[in-house]
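Dear colleague,

I am handing over the structure we spoke about, and below it you will find an account of what came out of going through it. Please read the account with the coordinates open beside you.

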Amino acid sequence: MTETVLVVGGGGREHAIARSLADDCTLYACASNRNPGIRALADGFAVVEETDAEEVVAYATDVDADLAVIGPESALAAGVADALDDAGVYAFGPREAEARLETDKAYQRRFMEEANVPGCPDFAVFEDTEEACAYIDAYDGDLAVKPAGLTGGKGVKVIGDQVTPEEAKAYLREEGYDRVVLEERLVGEEFTIQAFVANGEFRTTPAVQDHKRAYEGDEGPNTGGMGSYTDTGLSLPFMDDGDYEAAVDVLDAVVEGLPEYKGVLYGQFMLTDEGPKVVEFNARFGDPEAMNTLPVLETPFIDVLTAARDAEPLPELSFSGDATVCKYAVPEGYPVDPDSGARIAVDEESVGDALLFYASVDERDDGLYTTTSRAFAVVGRGSSIPAAEEQAEAGLAAAGDRVRIRHDIGKPSLVQRRIAHMNELRGE
């Protein structure tokens with residue numbers, strides 16, 4: 001029996017999901033933008049707001065979907081998984097209550113504290129801006145300032161890195177958030193592990209390092225992610241033996257504490273001199289991390305989905321052993337003042353052996369247009385990180401004008417900086 005699967009969302013992450021499923025099912029998709037990569041893979045595509053649970057369910061019912069994969073966090077926050085489940089379409093994504101692990105950072109930290117999840121930093125939650133500012137003044141050390149709700153990866157300000165204490169207080173007063181989480185600044189190297197979760201068990205994928213800063217050399221404002229890389233195994237070059245396993249232990253504790261959780265559990269960690277600490281959890285695939293992980297997953301992703309739905313043991317995962325490097329092309333001015341609505345050209349013939357993933361673009365009758373977010377990504381694969389980087393860089397010949405790229409992602413000099421940084425923190 002061929003499964004019918006609906007992918008919800010129109011970004012690079014969802015293009016990667018669609019690519020991983022297209023050969024093994026009847027595929028449909030819906031999103032608020034017309035992603036040409038997803039449209040080319042899907043048997044049907046509908047323009048639907050991802051947060052409109054009623055419309056998503058109507059389309060899923062119309063195409064007789066057996067399963068759904070929800071990409072964006074906004075849809076999870078809107079209860080789209082709940083609505084699909086209630087309509088008899090198994091959603092591989094947490095229901096709204098469990099998705100609070102991402103959508104409510106105050107809940108996230110309190111859950112970690114109550115469930116004894118390892119790696120939780122010192123934190124405090126405030127509903128009053130002036131009380132939060134007083135805490136900043138009194139705290140002995142630097143803090144990360146986090147709005148409790150969703151901010152698209154761009155709302156966090158880190159004292160001692162991005163802003164001064166005075167700038168942090170001015171930021172809180174200007175924005176007027178209902179709730180903020182103030183937590184100790186973690187110093188080290190960030191990495192992510194994504195896990196497939198269902199029925200109280202989970203399977204993990206290779207560690208990924210994303211690059212949030214907008215410009216080369218880790219300069220500029222934070223973004224949704226300018227690119228990322230994986231190595232040939234589960235770990236990364238700057239990680240020691242046992243670091244990956246320690247992070248997996250954190251995910252294990254989360255799954256034990258949230259037995260109803262299903263979907264992708266994304267753990268973002270800071271590798272400190274004391275081991276991995278939790279920066280945050282996300283309740284879905286990362287973007288760009290999905291584009292690193294799914295192309296090297298040799299276990300059919302559809303098998304993960306059907307096992308989750310049918311309450312069978314999740315399959316053991318196998319991977320190709322390739323390293324990957326992903327580089328994003330973004331509109332000029334992104335993220336502060338993106339050149340939205342610009343017509344761009346992508347020469348697909350120039351991508352070569354690399355993979356092309358369309359993201360936040362809109363396909364119209366007369367061409368391809370940017371939105372306010374990232375436009376497309378190129379992913380290289382190879383027997384080493386340098387080989388994957390070279391393939392990705394060659395594939396960027398597909399990029400035309402009016403986009404910007406961080407070319408340093410995956411280059412040996414930048415990877416070596418990560419290694420040297422961790423050696424310094426460890427006193428080696």
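Ile344 lies in strand E19, which covers residues 343–344. Please keep in mind throughout that this is a predicted model. With a relative accessibility of 6%, Ile344 counts as buried, and, leaving out residues up to four places away in sequence, Ile344 touches Val361, Leu368, Thr370, Ala375, Phe376, Asp401, Arg402 and Val403. The C-alpha atom of Ile344 is separated by 7.6 Å from that of Gly367, although the two residues are 23 residues apart along the chain.

Arg402 sits in the loop between helix H13 (385–395) and strand E24 (403–405), and at 41% relative accessibility it counts as partly exposed.

**Helix H7 and what encloses it**

How many of the 10 residues of helix H7 are buried? In this helix, which runs over residues 105–114, the number is 7, so H7 is largely enclosed by the rest of the structure. The buried residues are Lys105, Ala106, Tyr107, Gln108, Arg109, Phe111 and Met112, and they pack against helices H6 (96–103) and H10 (243–257) as well as strands E6 (123–126), E7 (143–147), E9 (180–184) and E17 (275–282).

Both ends of H7 have a feature to look at. At its start, a side-chain oxygen of Asp104 comes to within 3.1 Å of the backbone nitrogen of Ala106; just after the helix, Asn116 adopts a positive phi of about 55°. Asn116 belongs to the loop between H7 and E6, and with a relative accessibility of 64% it counts as exposed.

In general, two packed helices are described by the angle between their axes and the distance between the axes.

The axes of H6 and H7 come within 6 Å of each other and cross at roughly 95°, which makes H6 roughly perpendicular to H7. On the H6 side the contact is made by Arg100, Leu101, Glu102 and Thr103, and on the H7 side by Lys105, Tyr107, Gln108 and Phe111. The residues of this contact divide into 3 nonpolar, 2 polar and 3 charged.

For helix H1 (residues 12–21) and helix H12 (residues 301–309), the axes come within 8 Å and cross at roughly 90°, and the two helices are therefore roughly perpendicular to each other. Here Ile17, Ser20 and Leu21 of H1 meet Phe301, Ile302 and Leu305 of H12, a set that divides into 5 nonpolar residues, 1 polar residue and no charged residue.

Are helices H8 and H9 roughly parallel or roughly antiparallel? The axes of H8 (residues 129–138) and H9 (residues 165–175) come within 10 Å and cross at roughly 170°, and, as angles over 145 degrees count as roughly antiparallel, that is how H8 stands to H9. Thr129, Glu130, Ala132, Cys133, Ile136 and Asp137 in H8 meet Pro165, Glu166, Ala168, Lys169, Leu172 and Arg173 in H9, and the residues of this contact divide into 6 nonpolar, 1 polar and 5 charged.

**Asn292 and the cysteines**

Asn292, found in helix H11 (residues 289–293), counts as buried at a relative accessibility of 0%. Its side chain makes a polar contact, at 2.8 Å, with the side chain of Thr324. Setting aside neighbours within four places in sequence, Asn292 is in contact with Val208, Ser228, Tyr229, Thr230, Thr324, Val325 and Cys326, and Cys326 likewise counts as buried, at 0% relative accessibility.

How many disulfides does the structure hold? The count is 0. Cys30, for instance, is in no disulfide, and the nearest cysteine sulfur, that of Cys25, is 14 Å away. Cys30 is also buried, with a relative accessible area of 0%.

With kind regards

Notes: Residues numbered from 1 in each chain as written. Predicted model: local features only at pLDDT ≥ 70, side-chain atom pairs only at ≥ 80, totals over all residues. Heavy atoms only, no water. Disulfide = S-S within 2.5 Å. Buried < 20%, exposed > 50% of the residue type's maximum accessible area, 1.4 Å probe, protein only. Helix = DSSP H or I, 4+ residues; strand = E, 2+ residues; numbered from the N terminus. Contact = heavy atoms within 4.5 Å. Polar contact = N/O pair within 3.5 Å; in protein donor to acceptor, adjacent residues only side chain to side chain. Axes fitted to C-alpha atoms, helices over the stretch in contact; angles between N-to-C directions. Parallel < 35°, antiparallel > 145°, perpendicular 65-115°, else oblique. Nonpolar A, V, L, I, M, F, W, Y, C, P; charged D, E, K, R; others polar.
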